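Subject: Handover of a structure and notes on its contents

Dear colleague,

Please find below the structure that I am handing over to you.

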Amino acid sequence: MADKIKFALALVLLVAGVVGFYLLSEQAMVLRVLSVLAGVALCASVAWKTEPGQRFGIFAKETVAETKKVAWPSRKETFQTTGIVFAFVVIMAVFLWVTDKTLEWALYDLILGWKKS
């Protein structure tokens, strides 16, 4: 039950930051943005104290650890793969254009007899 109350408080703080943005419409934009950022920061700090917030923190740490284990491709491999993808896209575009024009010619000129002018 305490976690639900903390989450409700976190949402109230977030809404208060957004409402502060609109209530401070006569003030400088910096102050208005700081109002929203303060609401987000307070919301995050309260939500962090809940059990689901703690689980999310552990999940985020494990995610960073797993990301460090990934064997990322080198710059050369990335450029080669990107080049292959672009070449395939160009080849497919030409193939589909030729297919479209062939079907258009067969349908309109041969079968239906509609000559384009």
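The notes below take the helices, the side-chain pairs and some individual residues in turn.

The model is a predicted one, in which local features need pLDDT of at least 70 and side-chain atom pairs count only at pLDDT 80 or more, while totals for chains, interfaces and linings use all residues. Residues are numbered from 1 along each chain as its sequence is written, and side-chain values use heavy atoms, with hydrogens and water left out.

Helices (H or I, at least four residues) and strands (E, at least two) are DSSP runs numbered from the N terminus. The expected span of a helix is 1.5 Å times one less than its number of residues. Helix H4 covers residues 75–111, which makes 37 residues. From its first C-alpha to its last, H4 reaches 52 Å, close to the 54 Å expected. Just after H4, Gly113 takes a positive phi of about 75°. Helix H3 has 19 residues, which should span 27 Å, and the 28 Å between its end C-alpha atoms agrees with this.

The start of H3

Thr50 lies in the loop between H2 and H3. A side-chain oxygen of Thr50 reaches to within 3.1 Å of the backbone nitrogen of Gly53, at the start of H3. Thr50 counts as buried, at 0% relative accessibility; buried means under 20% relative accessible area, exposed over 50%, and partly exposed in between (1.4 Å probe, protein chains only). Not counting residues up to four places away in sequence, Thr50 touches Asp3, Lys6 and Phe7, where contact means heavy atoms within 4.5 Å.

Salt bridges

Side chains of opposite charge can pair when their charged atoms come close. A salt bridge is counted where a side-chain nitrogen of Lys or Arg is within 4 Å of a carboxyl oxygen of Asp or Glu, and the count comes to three.

- In H3 (residues 51–69), Glu51 and Arg55 are four residues apart and so separated by about one helical turn. Their side chains meet in a salt bridge at 2.8 Å, N to O. Glu51 is partly exposed, at 40% relative accessibility.
- Also in H3, Lys69 and Glu66 are three residues apart, again about one helical turn. The closest N and O atoms of this salt bridge are 3.2 Å apart. Lys69 is exposed, with a relative accessible area of 61%, whereas Glu66 is partly exposed at 47%.
- In H4, Lys101 and Glu104 are three residues apart, separated by about one helical turn. Their side chains form a salt bridge at 3.3 Å, N to O. Lys101 is partly exposed at 37% relative accessibility, whereas Glu104 is buried at 18%.

An α-helix has 3.6 residues a turn, so residues three or four places apart point the same way.

Rings of Phe, Tyr and Trp (its six-membered ring) pair if their centres lie within 6.5 Å; planes under 30 degrees apart count as stacked, over 60 as edge-to-face and the rest as tilted. A search of the whole structure finds one aromatic pair. The rings of Phe21 and Tyr22 have centres 5.2 Å apart and planes at 90°, so this pair is edge-to-face. Tyr22 is exposed, with a relative accessible area of 58%. Arg32 lies over the face of Phe21, at 4.1 Å from the ring centre; a charge sits over a ring if NZ of Lys or CZ of Arg is within 6 Å of the ring centre and within 35 degrees of the ring normal.

Phe21 is also one of the residues in contact with Ser35, along with Gly17, Gly20 and Leu24, leaving aside neighbours within four places in sequence. Ser35 belongs to helix H2 (residues 29–48) and is buried, with a relative accessible area of 16%.

Separations in space

Val85, in helix H4, is partly exposed with a relative accessible area of 47%. Val85 and Lys68 are 17 residues apart in sequence and 26 Å apart in space, C-alpha to C-alpha. For Glu104 and Ala71, the separations are 33 residues in sequence and 48 Å in space, C-alpha to C-alpha.

Yours sincerely

How values were computed:
A polar contact is a pair of N or O atoms within 3.5 Å; within protein, one must be able to donate a hydrogen and the other to accept it, and residues adjacent in sequence count only if both atoms are side-chain atoms.
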